[in-house]
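Trainee: Before we talk through this model, could you show me the sequence and the structure, and then set each term against its definition?
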Amino acid sequence: MDLSATLAGVHFANCVMNAAGALCVTRDELEALGRSRSGAIVTKSMTPAFRDGNPSPRYHSFPGGSINSMGLPNLGSPTYAVLIPGLRQFGKPVMASIAGLEPADFLDVAHVITEVRPDLIEVNLSCPNIPGKPQIGYDVEASRSLLQRLNGVITVPMGVKLPPYFDPAHHEAMADMLREIGVAFVSVINSVGNGLVVDPERECTVIKPKGGFGGLGGSMIKPVALANVRAFWKLFDGRVPIIGTGGIVSGMDVFEHGLCGASAVQIGTVLVDEGVGVFERLERELGEVLARKGYRSFAECRGRLREL
Ligand code: DHB
């Protein structure tokens, strides 16, 4: 079965890769992704300098999903700039996720990372976990201004990682702006920001930062993710490739993302729960689903969701 994907001119032997943030902070983690069946190596969202992140506990998984408030722990862009050339040995695309607390941070990181030419850059407009810093992706004009400036710096295919939107007017406003900018791909969705998980036995929050508020991931967010993939697929008429992220636990979930319009997918919570062996399982399960349904490739099912 052909599970490959081509996105912004970059070929992925396997359409399933890690989501930024999941097991991709350190050199060891990035190399383990390189040796795994992940279709790409996606880095943790990086800032201009090393960050320890928020106090622990800051990640908690439970039967329906996960909640996190990591606070952008990362090695800093100068260190990733040293690591990225070495990651090429694994023969798969390297995607650098860039972030910042201020627009100037994104530009600083973009300058440093463009130099080492990752295959793609994913601009993270949607980190929900920095106290006092709203998610840029919820402000169309702030996103436009930042992406315009990044467009002048980044010379590899530049995509955006967006937060979930819950109203068609927001999908439309964002899609109009992204069309004007000419982004190479869209990754949807980042975690559902600022949820709250409660431990009723201990009568407390399950994570420490921000009074227990954090980004939700895992199976509970799949319908929100599929709606965002579908909304952007339709608004872009299938002309801007979409990376579907959110709620993938099985090969069938990958198939659902494909039907809604995803060209490739990313996994976060399930990767943290299962480790890099999960890529092999998903590959097997997705291959079985596609074969049973008479498809010859993952690409063939893309966008084919029937609307009743
Ligand atoms: C973090 C979480 C996110 O969802 C994100 O997009 C970036 C960073 C974090 O807390 O580290």
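Mentor: On a 1 Å grid over the protein atoms alone, a pocket is an open set of points with protein on both sides within 12 Å along at least five of seven lines, and a molecule sits in a pocket if more than half of its atoms lie within 2 Å of its grid points. By that test, the ligand sits in the largest pocket. This is a predicted model, in which local features need pLDDT of at least 70 and side-chain atom pairs count only at pLDDT 80 or more, while totals for chains, interfaces and linings use all residues. Residues are numbered from 1 along each chain as its sequence is written, and side-chain values use heavy atoms, with hydrogens and water left out.

Trainee: Which residues around the ligand come nearest?
Mentor: A residue is near a molecule if one of its heavy atoms lies within 4 Å of it; there are 13 residues around the ligand, and G71, L72, N124, N129 and N190 come nearest. Counting Ala, Val, Leu, Ile, Met, Phe, Trp, Tyr, Cys and Pro as nonpolar, Asp, Glu, Lys and Arg as charged, and the others, Gly among them, as polar, the shell has five nonpolar, seven polar and one charged residues.

Trainee: Why is L23 called partly exposed?
Mentor: Buried means under 20% relative accessible area and exposed over 50%, with partly exposed in between (1.4 Å probe, protein chains only); L23 has 27% relative accessibility, and therefore counts as partly exposed. R117, at 44%, is partly exposed too. Phi is near 50° in L23 and near 50° in R117, whereas most residues other than glycine have a negative phi.

Trainee: Which peptide bond has omega of about 0°?
Mentor: The cis bond that joins S56 and P57 has that value, and P57 is in the loop between β4 (41-42) and β5 (59-62), where strands are DSSP runs (E, at least two residues) numbered from the N terminus. The bond from V188 to I189 is also cis, with omega near 10°.

Definitions and conventions: On a 1 Å grid over the protein atoms alone, a cavity is a set of points where a 1.4 Å probe fits but cannot get out, and a pocket is an open set with protein on both sides within 12 Å along at least five of seven lines; lining residues have an atom within 4 Å of a point. Helices (H or I, at least four residues) and strands (E, at least two) are DSSP runs, numbered from the N terminus.
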